[in-house]
Amino acid sequence: MTEKIIQIIAHAPSTNMEAMCRSVVKGAQSCKAEGITILCSSPFDTSAKEVVRSDGIILGTTENFGYMNGALKDFFERIYYPCQGLMEGRPYMLFVRASNDGKGAQKSVEAIATGLKWRKIQEPLICRGAWNLDFLIACEELGKTMALGVEAGIF
């Protein structure tokens with residue numbers, strides 16, 4: 001069995017977003033999917049080479065000015081052309097910490113993912129409004145869903 005990699009790429013400028021990222025990782029690791037390695041990194045520390053090697057991608061962003069955060073934008077600007085044409089159909093998921101509606105962040109990420117021809121596995125998890133511990137439960141489920149889907153070969 002060849003090792004599969006799930007790459008979680010998220011910028012965590014706040015303790016709340018950091019907790020959400022940890023919950024995604026916890027969920028992905030909790031199902032103990034066989035042959036799956038879970039990697040989590042900042043968008044600033046993730047290269048195109050690492051993204052191309054991944055079998056599943058989970059993106060995390062805060063909503064900043066109705067858009068994805070600058071760190072994720074920087075990531076996409078660095079990896080877009082090196083990854084173009086190499087990752088068609090790659091499964092991805094998105095989680096957003098939004099103080100407003102999160103739709104701008106969602107739309108901006110989805111536009112780029114569509115250009116890369118990545119495959120959206122489910123509607124983005126948008127955690128809106130006042131901080132809520134249910135956000136952590138939902139993030140954990142997101143990570144678990146990706147790990148189980150990659151392990152089963154359905155993503």
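Analyst: L94 is buried, since its relative accessible area is 3% (buried means under 20%, exposed over 50%, partly exposed in between, with a 1.4 Å probe and protein chains only). The model is predicted: local features need pLDDT of at least 70, side-chain atom pairs count only at pLDDT 80 or more, and totals for chains, interfaces and linings use all residues. Residues are numbered from 1 along each chain as its sequence is written, and side-chain values use heavy atoms, with hydrogens and water left out.

L94 lies in strand β5. Helices (H or I, at least four residues) and strands (E, at least two) are DSSP runs numbered from the N terminus. Set aside sequence neighbours within four places, and L94 is in contact with L59, T61, Q106, V109, P124, L125 and L142 (contact means heavy atoms within 4.5 Å). C139 is 45 residues away from L94 along the chain, with 9.9 Å between the two C-alpha atoms.

Q106 and V109 are among the buried residues of α4, along with A105, S108, E110, I112 and A113. Their cover includes β3, β4, α3, β5, β6 (119–120) and β7. The helix length checks out: 13 residues at 1.5 Å a residue should span 18 Å, and the end C-alpha atoms of α4 are 18 Å apart (expected span is 1.5 Å times one less than the number of residues). After α4 comes K117, with a positive phi near 65 degrees.

Next, the pairing of α4 with α3. The axes of α3 (residues 70–83) and α4 (residues 103–115) come within 12 Å and cross at roughly 10 degrees. Therefore α3 is roughly parallel to α4. Axes here are lines fitted to C-alpha atoms, for helices over the stretch in contact, and angles run from 0 to 180 degrees between N-to-C directions. Angles under 35 degrees count as roughly parallel, over 145 as roughly antiparallel, 65 to 115 as roughly perpendicular and the rest as oblique. L72, F76 and Y80 of α3 meet V109, I112 and G115 of α4. By type, that contact has 5 nonpolar residues, 1 polar and no charged.

F76 ties this pairing to the core. Apart from neighbours within four places in sequence, F76 is in contact with L59, M68, V109, I112, L116 and W118. In the largest nonpolar core, of 24 residues, L59, F76 and W118 touch the most other members. Such a core is a set of buried Ala, Val, Leu, Ile, Met, Phe, Trp, Tyr and Cys residues joined through side-chain atoms within 4.5 Å. At least two residues of this core come from each of α2 (48–53), β3, α3, β5 and α4. The top contributor is α3, with 6 residues. A second, separate core holds 23 residues, including I8, A28, I58 and C139.

The 19 residues of α5 should span 27 Å at 1.5 Å a residue, and the end C-alpha atoms are 27 Å apart, which agrees. Just past α5, G153 has a positive phi of about 80 degrees.

Beyond neighbours within four places in sequence, L136 is in contact with A19, M20, S23 and W131. A19, M20 and S23 are among the buried residues of α1, as are C21 and A28. Cover for the buried residues of α1 includes β1 (4–10), β2 (36–41), β3 (56–64), β5 (91–98), β7 (125–128) and α5 (134–152). The 16 residues of α1 (residues 15–30) should span 22 Å at 1.5 Å a residue, and the end C-alpha atoms are 22 Å apart, which agrees.

Last, backbone angles in loops. Most residues other than glycine have a negative phi. K32, not a glycine, has a positive phi of about 50 degrees. K32 sits in the loop between α1 and β2 and is exposed, at 71% relative accessible area. F65, also not a glycine, has a positive phi of about 55 degrees. F65 is in the loop between β3 and β4 (67–68) and is exposed, at 88%.

Methods: Ala, Val, Leu, Ile, Met, Phe, Trp, Tyr, Cys and Pro count as nonpolar, Asp, Glu, Lys and Arg as charged, and the others, Gly among them, as polar.
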